[in-house]
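This report goes through a single protein chain, with a heading for each topic. Please keep the sequence and the structure at hand while reading.

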Amino acid sequence: MQKKKWELEQYLNSSMNSLEDLLARAQNTLRNIRDSRVAFSVGLTDKRRCIGPLRAATNVVYQSIFINIGEAYNSSTGVFTVPRSGVYNLAFTVFSDAGSPGASLSVCASIRRNGVALAALREIYEQDQEDQATAVLLVQLSTGDRITISLQAGCWICDDQNHYNTFSGFLLYATE
């Protein structure tokens with residue numbers, strides 16, 4: 001009887017230790033997931049404002065922050081700096097108002113990784129007063145990559161408190 005009791009105690013202690021190890025690993029995984037959360041969504045401005053047309057391409061600085069989990073988007077420079085390697089969902093929308101029907105309308109911008117275009121939107125039109133375009137992409141990024149939206153030469157975007165021009169991104173899953 002004593003031997004059976006001792007075997008049962010050993011089994012229970014071993015089971016308890018295994019469960020404690022599993023719990024510690026699950027808590028560590030959860031902590032890593034929480035620590036690696038990255039999401040941002042920003043709008044160009046809260047006031048009526050147009051940018052462009054400019055002689056050279058320039059980075060767009062979005063100043064109205066809706067969310068910035070992980071603080072990876074810098075509203076002073078307009079740069080999203082990738083904090084953790086992984087697959088990201090990135091999206092941007094550009095809008096412009098020509099001012100009057102028949103006036104030339106040029107909405108053109110690109111999303112860039114380290115200065116190299118990943119995707120571009122281009123709308124040059126004289127048939128209506130306003131135009132808008134959106135690009136959404138999934139892309140694998142590395143820690144330290146710098147993502148920007150670039151307004152192309154000769155183009156312009158306009159915004160106000162309705163936030164027609166936005167830039168958003170989030171980490172879908174980490175690869176490191």
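## Disulfides

Cys 158 has a relative accessibility of 0%, so this residue counts as buried. The model is a predicted one. In it, Cys 158 is bonded to Cys 50, with 2.0 Å between the two sulfur atoms. Cys 50 has a relative accessible area of 39%, which makes this cysteine partly exposed. The link of Cys 50 and Cys 158 is right-handed, with 110° about the S-S bond. Distant parts of the chain are joined by this pair: Cys 50 belongs to strand β2 (residues 49-51) and Cys 158 to strand β12 (residues 157-159), and 108 residues separate them.

A disulfide is also formed by Cys 108 and Cys 155, whose sulfur atoms are 1.5 Å apart. This pair too links distant parts of the chain, at a separation of 47 residues. Cys 108 sits in strand β8 (residues 105-113), while Cys 155 is in the loop between β11 (146-151) and β12. Both Cys 108 and Cys 155 are buried. The total is two disulfides. Counting the bonded cysteines along the chain gives the pattern 1-4, 2-3.

## Domains

Two domains are assigned: domain 1 covers residues 1-36, and domain 2 covers residues 38-174. A distance of 49 Å separates the C-alpha centres of domain 1 and domain 2.

## Nonpolar core

In soluble globular proteins, nonpolar side chains tend to be buried together. In this model, the largest nonpolar core contains 32 residues. Phe 80, Phe 92 and Phe 167 have the most contacts inside this core. At least two residues of the core come from each of the strands β1 (39-43), β7 (86-97), β8, β10 (130-141), β11 and β13. Strand β10 gives the largest share, five residues.

## Nonpolar surface patch

Which residues form a nonpolar patch on the surface? They are Leu 138, Phe 170, Leu 172 and Tyr 173, and together they have about 410 Å² of accessible area. Strand β13 (residues 166-174) supplies the largest share of the patch, three residues.

Leu 172 is located in strand β13. Its relative accessible area is 45%, so Leu 172 is classed as partly exposed.

## Positive phi angles

Glu 71 is not a glycine, yet its phi is positive, at about 50°. Glu 71 is placed in the loop between β4 (64-69) and β5 (73-74). With a relative accessible area of 64%, Glu 71 is exposed.

His 163 is likewise a residue other than glycine with a positive phi, near 55°. The loop between β12 and β13 contains His 163. Is His 163 buried or exposed? The relative accessible area of His 163 is 19%, and the limit for a buried residue is under 20%, so His 163 counts as buried.

Technical notes
Residues numbered from 1 in each chain as written. Predicted model: local features only at pLDDT ≥ 70, side-chain atom pairs only at ≥ 80, totals over all residues. Heavy atoms only, no water. Disulfide = S-S within 2.5 Å. Helix = DSSP H or I, 4+ residues; strand = E, 2+ residues; numbered from the N terminus. Buried < 20%, exposed > 50% of the residue type's maximum accessible area, 1.4 Å probe, protein only. Patch = residues over 30% accessible without salt bridge, like charges linked within 9 Å, V, L, I, M, F, W, Y side chains within 5 Å. Areas by Shrake-Rupley, 256 points an atom, 1.4 Å probe, with all protein chains shown as cover. Salt bridge = Lys/Arg side-chain N within 4 Å of Asp/Glu carboxyl O. Domains from an automatic or database assignment. Core = buried A, V, L, I, M, F, W, Y, C linked by side-chain atoms within 4.5 Å.
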